Amino acid sequence: MNVFVASDNIISPLGFTSSENFEQLIKMHTGVTRIEKSELSEEAVCAAIIDTKKLNAEFQKQNHTNKASEIEYTRLEKMAIISINDCLKQNPKINIASKKTLLVLSTTKGNIDLLDASLASRFDKKRVYLWETAKIIAGYFKNPNQPIVVSNACISGVLAIIIGKRLLEDNTYDTVIVSGVDIMTHFVVSGFQSFKAISNEVAKPYDSKRDGISLGEGCGTIVLTNNPELTLNIEQQIFVKGGASSNDANHISGPSRTGDGLLLAIEKTLKEANVKAEEVNYISGHGTATLYNDDMESIAISDAQLAAVPMNSLKSYFGHTLGAAGLIESIVGIHSMRKNTLIGTYNFNELGVAKPINIIKDTTSAVVNNCLKTSAGFGGCNAAVFFQKVQNN
Amino acid sequence: MENKNYISSYCAAKNGEVIVDHTISYSEKTLLSVDFIKSVYKHFQFNYPKFYKMDHLCKLAFVTSELLLKSNPVTQKYSSEDIAIIISNSTSSLEIDTEHQNTISDKGNYFPSPAIFVYTLSNILIGEIAIRNSIKGENTFFIFDKFDPVFMSSYINSLLKSGKAKCCITGWVDFYENKYESFLYTVEKEQGTLKIEHTSEQIKKLYNN
């Protein structure tokens, strides 16, 4: 059975639609900025933050048509709702209220900001439970099914796409809305600061001078379907052809030194997609810009015989958006395929990883018929997913 | 083509009791949650110093998975890539999340720690089980209001049917505000000694026991 992309959206500091975001990426504009002392951190921190006024204004605008909702929504819920709404606007054939439509939510921390005393009093205590957040989002759209929540560190987004594909292959649903969202909080920033993992500048993925991550917030939504009639562009379909996850079985917070876990996920993915390494056109890497992650990736990519394939990281544009990253970066991959354009890696100057790989420096035109998206995360987890473009002329 | 899968072994820990494959293997009703979990570790003489570094949720997952895999050592039967770990709960990592929040809420007493923060992800417990047993297959952590045997059994049966895994360690591990509950089981094509078919009804029966 084929699984198609029916619609997609990115909410980030670079824009509130996929197209707005892609336009900024083509120009190599980053969403990561230096934020002086704020509620996020006592020290200045480089991060990709969505303007709250813009977010609230957009939410209010959309809410005029949804008079039934009188409950207060959290920042995270607003982002997911705006994102899903835009997917429905882009493709009116999607019926989100149908019994055949399921919501899969990818998030690492959900409404974790509600643990803070400043917000705790405004919302019911159970709102911090991820299943409750998902119910609120599904409820906004009057979707009748219990949403599925995937919370698996930084691979959550890629994993949620794979799960969406598998659920469609089982035929219980004809549409799965996969939405990945995480917000910037004092909780997350302080944790990564305690790890000394955050760069003082915008992250430099795969670069010889890389020294840590940039964090970010955002939402990415991909609507998947097993019914080609529900897609918009019948001439140019994007398929999800394969996907797999794996574990390093090595360390809970450090990436494997050998890259064998990520290699396993890539090999299983390409096997399911029935694609040989030399047929891969483009790799959207994880590229957090920590020393060890980027080294690990270079080894896995090299061992998978993919060293020559053009590869980028988008973490220096969006920051690391945790549970949203896999969705946002996959959507950029999908648009790269549609526009035959490969996005340059912002802030990448000189390769500095363990094994030579082919990092895209500047945005270029290229034939992009497929995309391998990879990710890795705490807990030793890895995941990969493969998208294929098919022209039906 | 036989498409049935079986629950070949299970381990449940709740209310001061540990059950392995229908048999009460340990009972200690006087201790509170964390102390109970530590007493399980001591009773069975697990020798794994990393246990003491783990948060409560991982400790709970650790003792239950140890007993499960002692009863049914699937790592000896399947290659590491063919064993999936797919676990769910309701409260994610909220227990340790609250602890991390307490380290950052007072500016005058600010002490966030990587040793705490690393556990603020529910799937770390999958990582701990994977490391302990060298398991490299599929891993996913799902969050549900309540344990959902219908979704879990259907998802895992598909995974086994498609060959993406040959065996799955799965179930529910939850720890929050001194309430704890763990129910882990192995699913494979072989019947094992339990001979219980892997269906949502059978899972419900075992879970509610």
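Good morning. I begin where the two chains meet: strand E5 of chain A is joined by 2 bridges to strand E5 of chain B, residues 139-143, and the two strands run antiparallel. Within that pairing, Val150(A) has Phe142(B) as its bridge partner in E5(B). Please keep in mind throughout that this is a predicted model.

Let me turn to the interface as a whole. Here 39 residues of chain A are in contact with 42 residues of chain B. On the chain A side, the elements that give two or more residues are helix H5 (130-140), strand E5 (148-150), helix H6 (156-169), helix H7 (186-194), strand E9 (236-247) and helix H8 (260-273). Of these, H7(A) gives the most, with 6 residues. Sorted by class, this side of chain A has 21 nonpolar, 16 polar and 2 charged residues.

I now move to chain A by itself. Its domain assignment gives domain 1, covering 4-230, and domain 2, covering 239-391. The centres of the two domains, taken over C-alpha atoms, are separated by 20 Å. Their contact takes 58 residues from domain 1 of chain A and 55 residues from domain 2 of chain A. Several elements each supply at least two residues to the domain 1 side, including strand E1 (4-11), helix H1 (18-26) and strand E6 (175-182) of chain A. Which element gives the most to that side? The element is H6(A), with 7 residues. The domain 1 side has 30 nonpolar, 19 polar and 9 charged residues.

Next, a single residue. Asn145(A) is found in the loop between H5 and E5 of chain A. Is Asn145(A) buried or partly exposed? Asn145(A) counts as partly exposed, because it has 14 C-beta neighbours inside 10 Å. Leaving aside residues up to four places away in sequence, Asn145(A) touches Lys99(A) and Leu102(A). Lys99(A) is 46 residues from Asn145(A) in sequence, yet their C-alpha atoms are 6.6 Å apart in space.

Along the principal axes, the C-alpha atoms of chain B fill a box of roughly 65 × 35 × 30 Å. Buried residues account for 52% of the 209 residues in the chain. Among contacts in chain B between residues at least 6 apart in sequence, 69% join residues at least 24 apart.

I close with the largest nonpolar core. Of its 192 residues, those that touch the most other members are Val104(A), Leu224(A), Ala383(A) and Cys168(B). Helix H2 of chain B, residues 56-71, gives the most to this core, with 9 residues. Why does the core lie between the two domains of chain A? It lies between them because domain 1 (4-230) and domain 2 (239-391) of chain A both give residues to it. As for Val104(A), the residues it touches, not counting those up to four places away in sequence, include Pro147(A), Ile148(A), Ala160(A) and Ile163(A). Val150(A) is also one of the residues that Val104(A) touches, and Val150(A) is the bridge partner of Phe142(B), with which this talk began. Thank you.

Definitions and conventions: Residues numbered from 1 in each chain as written. Chains lettered and ligands numbered in written order. Predicted model: local features only at pLDDT ≥ 70, side-chain atom pairs only at ≥ 80, totals over all residues. Contact = placed C-beta atoms within 7 Å. Helix = DSSP H or I, 4+ residues; strand = E, 2+ residues; numbered from the N terminus. Nonpolar A, V, L, I, M, F, W, Y, C, P; charged D, E, K, R; others polar. Pairing = 2+ DSSP bridges. Domains from an automatic or database assignment. Buried ≥ 20, exposed ≤ 12 C-beta atoms within 10 Å, placed from the backbone. Core = buried A, V, L, I, M, F, W, Y, C linked by C-beta atoms within 7 Å.
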